[in-house]
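Please take a look at the chain first, and then we can walk through its parts together.

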Amino acid sequence: MPSTTHPDAFHFEWPVDSYWEASAPPLEAAMPLLSGNAQCDVAIIGGGYTGLSAALELASSGMDVRILEAAEPGWGASGRNGGFACIGSHKRSYASMISIYGIDGTRAFYRAMKESVGLVHDLCTEHQIDAKIAGKGEITLAHLPNRLEEFRAEQKFLRETFGDETELLTPAELKLYGLWGPEFHGGLLGRTGFGIHPLRYVRGLATAAAKAGVTIHSRSRLMRWEESSNGHVLSTANGTLRAKRVLVATNGYTPEDISNRHAGRLMPALSNIIVTRPLSDAELQAQCWTSHVMAYDSRNLLHYFRLLPDKRFLFGGRGGTDASNAGAGPMRQKLTATFHRLFPAWSNAEITHFWRGFVCLAYDLVPYIGPLDEKKTVWTALAYHGNGVAMGTWSGRAVAQLMTDRKKAADMPNVITRRLANFPLPAFRPHYLKGAYLWFGWKDSH
Ligand SMILES: Cc1cc2nc3c(=O)[nH]c(=O)nc-3n(C[C@H](O)[C@H](O)[C@H](O)COP(=O)(O)OP(=O)(O)OC[C@H]3O[C@@H](n4cnc5c(N)ncnc54)[C@H](O)[C@@H]3O)c2cc1C
């Protein structure tokens with residue numbers, strides 16, 4: 001049955017056919033698979049930004065940490081995303097957030113998102129990760145003229161609520177900034193964030209974690225999870241790991257059949273990316289797009305795009321509910337057709353790469369960081385709503401700080417520590433997603 005959990009999307013033994021994979025050096029350190037019996041203080045399931053950042057923090061407090069990764073570190077979303085290190089890891093509006101969590105909680109969450117961007121930069125510096133940082137800031141582009149009014153209101157709100165300054169650009173100014181397209185009716189430019197090579201970054205984190213004493217087991221998919229009063233017993237095809245505590249850091253790839261703690265609480269959703277061959281300077285001028293600023297359009301089912309340091313163009317879009325291999329072709333065609341419509345000067349530029357992966361949504365439309373059991377032996381950090389380069393890094397560190405008592409839940413924004421709610425009638429989640437896409441498609445055209 002085609003759906004977002006189709007087995008085609010879980011071939012951990014296959015490398016991801018992405019531009020990042022084609023342009024990153026291999027992992028520096030050997031990451032052996034788990035074999036025989038082993039034990040540790042904390043077992044982390046998943047070797048993406050969340051798991052690796054948590055591992056670094058836990059190791060720094062003297063914990064014996066092991067990571068079980070079904071493929072290689074970065075195989076999941078962390079090695080295949082758009083490389084936008086920016087804020088926005090929620091789908092709930094700020095107004096609604098304020099009404100639920102209060103103004104102080106919402107401000108604390110906003111500060112955490114901004115801090116998370118700085119953390120990515122700091123980790124790259126500290127561990128000498130050459131993540132090809134490029135561009136400064138991000139722009140939302142109005143896909144309809146009436147979105148400019150909303151931008152004006154948002155600009156005022158961001159200034160008055162968070163003290164954040166943004167710049168409102170007319171189409172003529174977009175042209176001046178090298179951010180133009182025939183369907184963009186203006187833009188709202190913020191100065192937080194930058195682009196990175198996501199796979200270089202996650203492999204750099206894996207190397208740093210290994211150097212810090214973390215044992216990372218590649219090709220070690222968690223298959224069975226048993227619990228006793230002595231702790232947790234995690235089994236893979238070749239070995240068994242006993243751990244006092246477990247951190248689940250699998251985000252959109254979370255296996256619901258192994259532990260029921262996450263069951264019914266997450267909604268994986270597809271995000272898709274194409275990359276062109278390098279564009280010539282004349283081609284960039286012809287389209288009036290020369291900036292390396294990260295860009296989105298104002299659709300709910302948004303497109304995200306950026307000029308990469310080597311002048312290839314990356315164009316991504318959320319959507320699609322068929323994660324099977326058969327579903328990939330139509331999605332590639334659809335994305336390519338939209339790209340050609342928005343960037344007509346580049347309609348002859350070959351698309352060299354196409355790939356996709358899972359982002360993760362939660363019922364409350366905000367991330368969650370915290371325990372999953374009363375005894376606080378199972379923890380998690382996830383649900384970044386398609387925006388986890390920075391927030392996944394921050395959340396990994398934050399959950400580790402909670403696990404080691406370096407921080408208390410009260411020190412964290414209440415937006416992300418409150419709960420990981422169940423979806424009502426979870427079996428219907430694929431239908432909710434289809435319904436949401438129809439609704440957003442209609443809203444985006446008005
Ligand atoms: C196409 C795409 C584009 C995106 N673009 C952006 C962007 O530009 N900016 C941004 O901020 N965010 C973006 N995101 C989201 C971002 O990539 C994620 O939020 C982030 O990488 C999540 O990191 P993570 O470590 O929590 O999970 P992941 O990186 O997904 O890691 C989970 C890991 O768990 C492993 N795993 C799963 N099951 C098991 C098991 N049973 N045993 C052991 N290991 C297991 C998987 O192999 C995987 O490596 C994008 C996502 C996608 C898919």
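This is a predicted model: local features need pLDDT of at least 70, side-chain atom pairs count only at pLDDT 80 or more; totals for chains, interfaces and linings use all residues.

Residues are numbered from 1 along each chain as its sequence is written.

**Overall fold**

- The protein chain has eleven helices and 18 strands; these are DSSP runs numbered from the N terminus, with helices being H or I of at least four residues and strands E of at least two.
- For 446 residues, a compact globule would have a radius of gyration near 22 Å, and the 21 Å of the protein chain agrees with that. The radius is taken over C-alpha atoms, and the globule rule is 2.2 Å times the number of residues to the power 0.38.
- Along its principal axes, the C-alpha trace spans about 65 × 45 × 45 Å.
- Of the 446 residues, 48% count as buried, a label for residues with 20 or more other C-beta atoms within 10 Å of their own, where C-beta atoms are placed from the backbone (12 or fewer is exposed, and in between is partly exposed).
- Among contacts between residues at least 6 apart in sequence, 79% join residues at least 24 apart; a contact needs C-beta atoms, placed from the backbone, within 7 Å.

**The eight-stranded sheet**

- An open sheet with mixed pairing runs in the order β5-β6-β4-β13-β14-β15-β12-β16. Its edge strands, β5 and β16, each pair on one side only, where pairing requires at least two DSSP bridges between two strands.
- Within it, β13 (residues 294-297) and β14 (residues 303-307) run antiparallel and are joined by two bridges. Tyr296 has Tyr304 in β14 as its bridge partner.

**Strand β2 and Arg66**

- Strand β1 (residues 36-45) runs parallel to β2 and is joined to it by four bridges; Ile44 has Ile67 in β2 as its bridge partner.
- From β2 (residues 65-68), Val65 and Ile67 point one way while Arg66 and Leu68 point the other way, and all are buried.
- Why does Arg66 count as buried? Arg66 counts as buried because it has 21 C-beta neighbours inside 10 Å.
- Leaving aside neighbours within four places in sequence, Arg66 is in contact with Ala38, Cys40, Ala43, Thr215, His217 and Leu241.

**Thr166**

- Thr166 sits in the loop between α4 (147-162) and β5 (167-169).
- Thr166 also counts as buried, because 21 C-beta neighbours lie inside 10 Å.
- Beyond neighbours within four places in sequence, Thr166 is in contact with Gln155, Leu158, Leu188, Leu189 and Gly190.
- Thr166 and Thr290 are 124 residues apart along the chain, and their C-alpha atoms are separated by 20 Å.

**Around the ligand**

- Of the 44 residues around the ligand, Gly48, Gly76, Gly82, Gly357 and Gly388 come nearest; a residue is near a molecule if its C-beta atom, placed from the backbone, lies within 6 Å of it.
- Elements that each supply at least two residues of this shell are α2 (49-60), β12 (266-276), β16 (351-362) and α9 (389-403). The largest share, four residues, comes from β16.
- The shell has 20 nonpolar, 20 polar and four charged residues. Here Ala, Val, Leu, Ile, Met, Phe, Trp, Tyr, Cys and Pro count as nonpolar, Asp, Glu, Lys and Arg as charged, and the others, Gly among them, as polar.

Definitions and conventions:
Two residues are in contact if their C-beta atoms, placed from the backbone, lie within 7 Å.
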